[in-house]
Amino acid sequence: MAGKNRVEPITPNGMPWLKLALSGMGPMSDNEHSSSSPINDVSDVAEAVDVVVWPEQEGPDLFGVEVEAFPLLVNDKGPAGRLPLQGEHPSVVGITANVAATSSHICDRSTEKLAFPTVAGGWITFEPGAQIEHSSAPRKSSADVRSEMTAVWDDLRDGFWEHNVCLLSLGVDPWNETATIPQQLTSGRYVAMESYLATRGNAGATMMRNTCSVQVNLDAGSGDTRRERWLASQLLSPVLTAMFATSPGNGVWSRRAQAWQQLDPTRTGFPSWDHIADADPVSDTVARALAADVMFIVRDGTTTPGRAGWTFGDWIREGHPTAGRPTWDDLESHLSTLFTEVRPRHGVLELRGIDGLAQPWWHVPLVLSAALLYDQAARGRVIELFEPLASKLGEVWQRAAAFGLADPELAILASSVAELAIEAARRDPGCFDGVDVVTAESFLNEFTLQGQSPGDVLLGKMSNSAAALAWAAPEHAPGGAA
């Protein structure tokens with residue numbers, strides 16, 4: 001996000017950086033590769049990861065968020081199903097287009113993709129279950145992020161509420177089962193992804209169609225700072241899952257995290273470390289890329305699902321009977337299918353372990369995460385406190401999903417980082433607006449320091465759908481949703 005040498009992504013989805021680099025627009029322009037050239041050795045993957053996924057950055061640290069919400073139909077009795085993405089009236093895309101036509105914050109739909117740019121430089125895109133996603137532009141302060149998010153979502157909420165549709169942000173939609181929600185993105189990528197994940201179970205359908213998150217995007221930095229942020233973000237991630245869980249049920253506190261845990265272990269989760277000294281951003285990413293199964297292959301406009309047990313490393317070593325060896329285009333696509341809890345993308349750390357949250361709390365995980373990773377003293381303390389977790393992050397993640405902050409170790413760690421984060425945020429008022437720090441502190445006092453997540457409250461209200469909805473989406477309570 002930050003840095004005068006950064007090549008910004010040109011699409012809201014996917015990873016176009018490699019093509020830009022190979023075409024002479026990015027840092028790999030001195031190489032002789034073309035996007036359709038074959039990759040003949042694993043060293044090629046290491047080269048691409050080093051230069052394109054982990055470029056050295058210049059400039060001030062920026063940050064942003066990506067927020068998803070379900071389009072929930074509401075009647076006077078409460079939740080009444082989900083609005084379809086397209087093809088009916090009203091539809092999610094249709095209403096968004098209508099909002100964009102009059103909004104001073106949302107632009108008309110892109111002519112090349114199913115996406116709406118925002119005036120501030122962000123994007124509105126859509127997920128396979130018709131979830132709406134807004135990715136903010138990179139910003140210098142939490143106030144700038146809040147300003148953009150509030151402006152865009154106020155317009156969206158008003159437009160959708162005219163059709164009795166509530167935009168609900170929780171980890172999992174508690175009122176609609178995945179089986180009742182069709183897969184509504186029909187490009188080859190999404191069809192192949194659905195087919196591939198289905199061979200591993202039902203978690204893929206749940207993830208694609210029935211989950212929402214708040215993703216925090218932070219600059220990785222360079223040198224020792226980059227390695228420390230990579231390490232600290234991994235260590236912190238399971239605790240964030242526990243702190244912000246909003247999808248309780250079926251004996252777990254975060255059904256969204258559970259879906260990711262059951263999805264595909266070759267491309268999810270955390271690096272395998274024995275000790276914090278093992279953490280290395282580039283080698284960790286290369287190892288994951290080579291060990292992850294091939295999700296799909298694209299040739300001559302046709303996308304074919306991959307198969308479990310056949311990795312990208314296998315593809316390089318063995319080739320494919322009809323597709324031959326993987327190309328740089330294939331590597332780009334493959335990297336975009338790696339869904340680790342902390343995902344590196346062109347010098348940015350995507351913290352992906354947080355359930356969807358009610359809008360008043362969207363900025364809380366941003367403030368906490370950025371303060372802990374950007375402040376050197378706080379970052380060092382996080383690494384010191386969390387060092388015992390380094391060799392068991394997968395197991396701790398499982399506990400975070402299953403028990404939330406009812407897990408004693410996670411509760412203690414969450415309380416410790418809560419204090420660290422607020423202190424760090426207050427040391428940098430230019431980056432962390434006072435209003436946002438107060439909101440974060442209020443959240444921590446109401447939930448974290450009480451050993452609870454928002455899911456604890458939601459679970460207690462689920463016997464009354466209208467009351468639960470009014471709590472989860474308070475913006476619509478005065479309008480009659482409750």
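A residue is counted as buried when its relative accessible area is under 20%. By that criterion, in this predicted model, the buried residues of helix 6 are Ala203, Gly204, Met207, Met208, Arg209 and Asn210. Helix 6, which spans residues 203-210, is thus mostly covered, with six of its eight residues buried.

Attention can now turn to the nonpolar interior. In soluble globular proteins, nonpolar side chains tend to be buried together. Here the largest nonpolar core holds 139 residues, and Trp153, Leu156 and Met243 are the ones that touch the most other members. Helix 15 (residues 408-426) supplies the largest share of this core, namely ten residues. For Leu156, once neighbours within four places in sequence are set aside, the contacts are Thr96, Val99, Ile106, Ile124, Ile132 and Leu167.

The axes of helix 2 (residues 42-53) and helix 11 (residues 328-335) come within 12 Å of each other and cross at roughly 60 degrees. Angles from 65 to 115 degrees would count as roughly perpendicular and those under 35 as roughly parallel, so the two helices are oblique to each other. Their crossing is right-handed. Helix 2 contributes Asp44, Val45, Glu47, Ala48, Val49 and Val53 to the contact, while helix 11 brings Trp328, Leu331 and Leu335.

Note on methods: Residues numbered from 1 in each chain as written. Predicted model: local features only at pLDDT ≥ 70, side-chain atom pairs only at ≥ 80, totals over all residues. Heavy atoms only, no water. Axes fitted to C-alpha atoms, helices over the stretch in contact; angles between N-to-C directions. Helix = DSSP H or I, 4+ residues; strand = E, 2+ residues; numbered from the N terminus. Parallel < 35°, antiparallel > 145°, perpendicular 65-115°, else oblique. Left-handed = near helix turned anticlockwise from the far one by under 90°. Contact = heavy atoms within 4.5 Å. Core = buried A, V, L, I, M, F, W, Y, C linked by side-chain atoms within 4.5 Å. Buried < 20%, exposed > 50% of the residue type's maximum accessible area, 1.4 Å probe, protein only.
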